[in-house]
Amino acid sequence: MKLFKKGKLNTFIYIIGSLIVITITFIMFYRSIVSAEVDNVEKQLREVSVQSSVSVKSKLENSLKYVRGISDVVFDYDINDPKVREILHSFVLSSDFDSLSVVDENETTISTDDISYDDLKDIYESGEEGVFMSSIDGERVMVFAIANNEKKSFIYGIYTTEELNELLYITSFYGEGYTHIFKSNGDIILRSPHSSSAYITENIVEIFENSNMREGYTIDKIKNDMSKGKEGFVQYDYEGDDNRYAYYMPVDINDFYIISVVQASAIARYTLPPRNSSILLFSGIVSVFLVAEVVSYISKMRGNRRIIITNKKIDINRERYKLASDISESAVFEYMIEDRTLVFKNDWYRKYFKSGIINDVPNSLGILFRTSTEHRNELIDCFNKIIDGNINAEVEVCVKSIDDTDDWLRIQMTNIYDDNGSPIKAVGTINNVTEIKEAEIKYIKVGHYKDVIIKNSIFSCEVNITKDTVENIRYDNRFMYDRLYTYNDVLRLAYEKNIHKDDLDEFMNTFSIDSLINQYENGKREVSMRYRRILGDNYIWSKVVVYLTKNYETGEITGLMFVTDIDKMVKEEMKLKYSAEIDGLTQIYNRAALERKIKHCVNNNIEGILFIIDLDGFKGINDTYGHMAGDYILKTFAKKLSEVFRNSDIVGRLGGDEFCVFVKNISDEDFARKKGDKILKAFEGKYIFEGKEIKPAGTVGISFFPKNGMTYEEIFSKADKALYHAKHLGKYQYCIYDENEH
């Protein structure tokens with residue numbers, strides 16, 4: 001009786017201990033999911049901030065360059081010359097500026113608007129060039145100042161901050177995130193059109209001070225980052241409202257900053273809440289555990305042999321839990337040995353198979369994976385080990401995905417046995433180890449083909465990055481022994497003599513000692529760059545590569561650097577790419593390139609707006625004026641259409657008199673309407689062919705991704721329906737697709 005009670009006590013202690021272990025594991029699992037979600041949000045917000053920062057910086061720099069160009073013309077005249085005002089007016093009409101003004105040391109002010117010296121006094125007296133924030137007639141404006149020191153005069157280009165509005169249409173999380181521009185002291189310069197938040201302040205720092213910071217984030221760190229021009233990520237609750245994530249980043253113009261914000265509730269709409277998934281997993285684990293414990297208790301009553309077998313099952317169940325909890329890029333599967341059937345427990349298989357259940361394994365697996373005969377045999381041998389009763393088996397094979405990419409996979413399996421010790425099924429995982437395997441292959445190649453690489457290089461050397469030394473320098477297959485060079489000497493010589501000016505900054509940033517060490521520490525083993533090498537008055541395309549390795553005895557990072565001539569290859573690539581993607585008549589993307597690039601955006605969940613444009617009555621133009629006139633209209637309109645959109649947008653010709661544009665990272669209806677108006681205005685400009693004015697007309701259909709469809713075909717169909725509806729409304733019309741109207 002005492003023995004029985006003691007056994008019960010031991011069982012009770014064992015169960016409680018196991019539940020504690022599972023609970024701790026669950027908590028760790030939940031935290032890892034939350035951490036992964038935060039990391040993903042940070043990555044997306046940083047990407048949006050980078051895009052916005054680059055757009056704003058480019059806009060401000062281009063505006064400043066434009067004013068500098070105007071100054072080259074204006075400062076050739078005396079400020080009192082009537083031509084100065086005429087010149088300023090002509091530049092205002094062809095630019096984004098609301099006004100242009102010139103001020104000299106006598107406080108004389110010539111302006112295209114009612115701008116006076118008092119409006120510009122503070123900026124003028126600072127005596128500095130650059131971009132300034134100011135207020136004129138109660139409205140916040142951007143002022144771009146360029147000086148002429150000889151005449152002690154300044155020219156100022158002015159436009160309202162609203163001019164930057166279009167740059168803040170870039171959004172995240174299907175338009176539910178928003179972006180602001182502010183100064184490093186926190187003062188908000190411009191709000192995103194998407195922001196609906198009613199702040200009680202116009203200062204970002206004050207917003208954070210009125211917020212509850214989540215663990216790990218502090219207002220002092222944010223202030224310190226902004227004072228030093230650093231970027232950062234923060235999670236906070238504002239005024240007891242929804243939890244928010246934000247990423248702030250300097251624009252590198254004055255002290256301007258970009259901040260991108262998204263509410264946690266917006267993220268939750270597109271992801272499974274980690275708490276729910278964790279509770280479901282925890283409940284399942286506890287249920288499995290309790291069932292296993294009941295089986296274990298019954299088995300104890302039947303003898304020691306069954307106790308051992310049951311304990312083995314419990315261990316395997318724990319192993320299965322461990323495998324199932326690994327939710328990275330791993331597959332989790334069960335292999336039913338008697339049925340020769342493999343069943344996937346997550347969606348990983350979709351990259352390689354149409355079904356998550358595969359029969360006749362292992363024979364069918366090698367065929368479905370489309371692997372080589374050698375790897376197919378290795379795969380079969382691995383599964384045969386499990387069939388024969390081995391506890392574990394693993395193999396690495398190179399396979400093809402559905403998208404025809406070559407991937408290296410590591411397959412690992414653990415056997416589960418019945419009461420008689422016979423294998424009944426195996427639990428397994430599949431991990432993608434392509435990067436690791438390719439790195440191994442590269443190092444092997446470097447070892448085998450080092451001499452061949454050096455022989456075929458324009459320049460090569462062996463570098464000790466840590467010590468800043470260089471050995472075995474070869475140039476045009478000749479050793480250079482005239483002096484000892486450091487690695488920085490080599491970079492300096494390249495900088496001064498050999499590299500095209502447009503490639504200098506990238507070259508130095510990529511191959512500096514600090515950069516190479518940083519890249520090695522971040523896992524990069526091959527650093528390369530294409531650049532233009534100066535040769536007399538011309539240049540040739542070259543490629544510089546550094547293979548990085550580490551001497552684990554000394555801890556020194558070393559590398560093999562070599563430069564090869566790729567001029568013929570690059571120019572052939574450019575020629576082929578241009579001819580393959582560009583429409584010969586209009587010099588914009590052809591239909592195939594257009595479709596491929598838009599599908600790439602859709603497949604990568606890049607939201608956007610699709611415009612389909614049709615020239616109305618184009619056949620009549622051909623019949624009346626001839627096909628050469630028709631070609632002229634198409635070419636001229638294509639040029640005007642390209643000027644309406646950003647360089648990053650996809651502009652192309654579908655064929656005949658149809659055009660198409662996809663605007664990336666924007667899904668705002670107001671923005672679409674503004675662009676629709678600008679497209680229609682492009683038809684109104686002068687089209688004069690052989691002295692005859694031709695007036696083309698057009699209509700536009702507009703749809704949105706992902707609002708109007710999840711595939712290229714769906715959004716194209718919706719935009720086409722909107723175009724058809726616009727044609728019924730008459731000429732010079734655009735129409736946005738509406739489910740209720742179409």
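## Close-up views of selected residues

**View 1. Asn472 sits in a strand with a positive phi.** Asn472 lies in strand S19, which covers residues 469-475. Strands (E, at least two residues) and helices (H or I, at least four residues) are DSSP runs, numbered from the N terminus. The model is predicted: local features need pLDDT of at least 70, side-chain atom pairs count only at pLDDT 80 or more, and totals for chains, interfaces and linings use all residues. Residues are numbered from 1 along each chain as its sequence is written, and side-chain values use heavy atoms, with hydrogens and water left out. Asn472 is not a glycine, yet its phi is positive, at about 50 degrees. Most residues other than glycine have a negative phi, and most peptide bonds are trans. Asn472 counts as partly exposed because its relative accessibility is 42%. Here, buried means under 20% relative accessible area, exposed means over 50%, and partly exposed lies in between (1.4 Å probe, protein chains only).

**View 2. Glu107 has a positive phi in a loop.** The phi of Glu107 is near 70 degrees. Glu107 is not a glycine either. Look for Glu107 in the loop between S1 and strand S2 (109-111). Glu107 counts as partly exposed, because its relative accessibility is 46%.

View 3. Pro362 lies in the loop between S14 and helix H9 (363-369). Pro706 is found in the loop that joins strand S29 (697-705) to helix H20 (712-729).

**View 4. Ala672 is a buried helix residue.** Ala672 belongs to helix H19 (residues 669-684). Its relative accessibility is 0%, so Ala672 counts as buried. Which residues touch Ala672, leaving aside its neighbours within four places in sequence? They are Ile609, Phe611, Ile702, Phe704 and Ile736. Contact means heavy atoms within 4.5 Å. Ser703 gives another distance to trace: Ala672 and Ser703 are 31 residues apart in sequence but 9.1 Å apart in space, C-alpha to C-alpha.

**View 5. Lys351 and Asp407 form a salt bridge.** The closest N and O atoms of Lys351 and Asp407 are 3.1 Å apart. The pair links distant parts of the chain, 56 residues apart. Lys351 is in the loop between strand S13 (341-344) and strand S14 (357-358), while Asp407 is in strand S16 (residues 406-417). A salt bridge is a side-chain nitrogen of Lys or Arg within 4 Å of a carboxyl oxygen of Asp or Glu. Lys351 counts as partly exposed because its relative accessibility is 37%. Asp407 is buried, because its relative accessible area is 6%.

**View 6. Glu581 and Lys597 join two helices.** In this salt bridge, the closest N and O atoms are 3.8 Å apart. Glu581 is in helix H15 (residues 567-581), and Lys597 is in helix H16 (residues 591-603). The two residues are 16 residues apart. Is Glu581 buried or exposed? Glu581 is buried, because its relative accessible area is 11%. Lys597 has a relative accessible area of 23%, so Lys597 is partly exposed.

View 7. Arg646 is partly exposed, because its relative accessible area is 23%. Asp649 is buried, because its relative accessible area is 6%. How many salt bridges does the structure hold? It holds 30.

**View 8. Six residues gather in a surface patch of negative charge: Asp98, Asp113, Asp114, Asp137, Glu139 and Glu162.** Patches are made of residues with over 30% relative accessible area and no salt bridge; like charges are joined within 9 Å, and nonpolar side chains (Val, Leu, Ile, Met, Phe, Trp, Tyr) within 5 Å. Asp and Glu count as negative, Lys and Arg as positive; His and the chain ends are not counted. The place of a charge is NZ of Lys, CZ of Arg, CG of Asp or CD of Glu. Accessible areas come from the Shrake-Rupley method with a 1.4 Å probe; for residues, only the protein chains shown count as cover. Asp98 lies in the loop between helix H2 (82-93) and strand S1 (99-103). Asp98 counts as partly exposed, because its relative accessibility is 43%.
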